[in-house]
Amino acid sequence: MSQTFKFEKIFVDEKVKDHEFTGIVLQKTKGIPVKIIKDAKKVVEDLALEDNSITRGKRFILLTEKKGGFLKPCPGTSEYLCCDYYVLNISENCVIDCTYCILQEYLMNPFITLFANWEDSFNEINGFLSEKKNDLIRLGTGELSDSLAIEDIFPVSEKILEFLKNRKNVIFEFKTKSENIKKFLNLEPINNAVFSFSLNTEKIAKEEELKAPEPLKRIEAASKLAEEGWRVGFHFDPIVHYKNWEIDYHRVIKLLFSKVEAEKIAWISLGTLRFNPKLKPIIEKRFPKSKIIYGELIKGEDGKLRYFRPLRVELYKKIYNFIKENIQKYSRDKKSIRKINIPVYLCMENEDVWEEVFKWTPANSSVLNNYILKLFR
């Protein structure tokens, strides 16, 4: 594996013990003790009651079946502009342990949970795309887990790519902080897939994004994919304010465009630090050295803690200018600079902030989605 994550035990729900994908996972995790369980819900509840359950849960895999739908709208809020994004939840929880991760508060299940029946989602996706046959839909994995971090033991992304080949009205995003991309370098790129990488400064990556590769390695992974013909995307989210943040974010953006051909970039999103107040005591307990929760934070319209508006606007404006500046500086073909028009958008922001940063505001979520996907039309 590109990244090594150590698991102590695998719990297998007896409902999926004979499932084909359970066999695949167990074959790829030979040597790790396996326990067949009758009541997955009780096992989850018992671990959730333990002290430090979130940390302990990352050492255990739970193979079970998902009941209900796999495909859901991105959980945005009506107070801020959303982008009509849909998420495919085929696993839950993340081996990469970021201090600010909302899953610590959002999920009641601490296990690294893999749904053995995940391929049932294909019928759901087909039905959804048929209903939306006149629209171009953006959906992806990486909302409740990392898309690629444990691809070596839960090899789903390659199968998703095979499924996508003949679908015309969908752009699929694999969102990750991983550098685990080797297998995709040997595959034929398809036009409706994007591998997108969450990026931050070296300081934030080192102090707040535990078990994640350093930004350089994520950028190099994106560069290798782009060189092979894949589209890539980037998410600067959460942007964190601290002393000398400008220097550090400028450095990572410069590094990005020096390594990745701008013409291969599908989109870039920007979002500042924000979290539910209930997450604060969890961060304080699990990561007592973290200082990010002690910044100049106020309660936003959606009830989440976030930087006050003038500071958010300042962060966005400067990072957006860094992006434009480095597109020009590192464009492979200086004559085509004016043609490079990477969609840069804000995640979970209101119309006033959009207007201040970009001097325009999407009229609604559909318009924003069309803007993000303009390079695919």
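**Salt bridges, helix packing and local backbone features**

D302 is buried, with a relative accessibility of 18%. This value falls under the 20% limit, so D302 counts as buried rather than partly exposed. The model is a predicted one. In it, D302 pairs with R306 in a salt bridge, with N and O 3.4 Å apart. R306 is buried as well, at 1% relative accessibility. The pair belongs to a network of salt bridges that links D302, R306, R312 and E349. Across the whole structure, the search finds 20 salt bridges.

A further salt bridge joins E356 to R309, and its closest N and O atoms are 2.8 Å apart. Distant parts of the chain are linked by this pair. E356 sits in helix α12, which covers residues 351-358, and R309 sits in helix α11. E356 is partly exposed, at 29% relative accessible area. R309 is also partly exposed, with a value of 35%. D302, by contrast, is buried.

D248 and R251 form a salt bridge, with 3.1 Å between the closest N and O atoms. These residues are three positions apart in helix α9, so about one helical turn separates them. D248 is buried, at 15% relative accessible area. R251 is partly exposed, at 46%. The value for D248 is under the 20% limit, so D248 counts as buried. The value for R251 lies between the limits of 20% and 50%, so R251 counts as partly exposed.

Helix packing was examined next. Two packed helices are described by the angle between their axes and by the distance between those axes. Helix α9 spans residues 245-259 and packs against helix α11, residues 309-330. The angle is about 30°, and the axes lie 9 Å apart. The crossing of α9 and α11 is right-handed. On the α9 side, the contact is made by W245, E246, Y249, H250, I253, K254, F257 and S258. On the α11 side, it is made by E314, L315, K318, I319, F322, I323, E325, N326, I327, K329 and Y330. By class, this contact holds ten nonpolar, three polar and six charged residues.

Helix α9 also packs against helix α8, residues 215-227. The α8 and α9 axes come within 9 Å and cross at roughly 25°. This angle is under 35 degrees, so α8 is roughly parallel to α9. The crossing of α8 and α9 is right-handed. From α8, the residues in contact are P215, L216, I219, E220 and S223. From α9, they are V252, L255, L256 and K259. The contact of α8 with α9 divides into six nonpolar, one polar and two charged residues.

R218 lies in helix α8. R218 is buried, with a relative accessibility of 0%. R218 and L256 are 38 residues apart in sequence, and their C-alpha atoms are 9.5 Å apart in space. Neighbours within four places in sequence set aside, R218 is in contact with K177, F197, S198, L199, N200, A205, E209, A212 and P213.

Several backbone features were also noted. The peptide bond between D237 and P238 is cis, with omega about 10°. P238 lies in strand β13, which runs over residues 231-239. K211 has phi near 70°, a positive value in a residue other than glycine. K211 is located in the loop between β12, residues 209-210, and α8. At 52% relative accessibility, this residue is over the 50% limit, so K211 counts as exposed. N244 likewise has a positive phi, near 70°, and is a residue other than glycine. N244 occupies the loop between β13 and α9. At 45% relative accessible area, N244 is partly exposed.

Notes
Residues numbered from 1 in each chain as written. Predicted model: local features only at pLDDT ≥ 70, side-chain atom pairs only at ≥ 80, totals over all residues. Heavy atoms only, no water. Axes fitted to C-alpha atoms, helices over the stretch in contact; angles between N-to-C directions. Helix = DSSP H or I, 4+ residues; strand = E, 2+ residues; numbered from the N terminus. Left-handed = near helix turned anticlockwise from the far one by under 90°. Contact = heavy atoms within 4.5 Å. Nonpolar A, V, L, I, M, F, W, Y, C, P; charged D, E, K, R; others polar. Parallel < 35°, antiparallel > 145°, perpendicular 65-115°, else oblique. Salt bridge = Lys/Arg side-chain N within 4 Å of Asp/Glu carboxyl O. Buried < 20%, exposed > 50% of the residue type's maximum accessible area, 1.4 Å probe, protein only.
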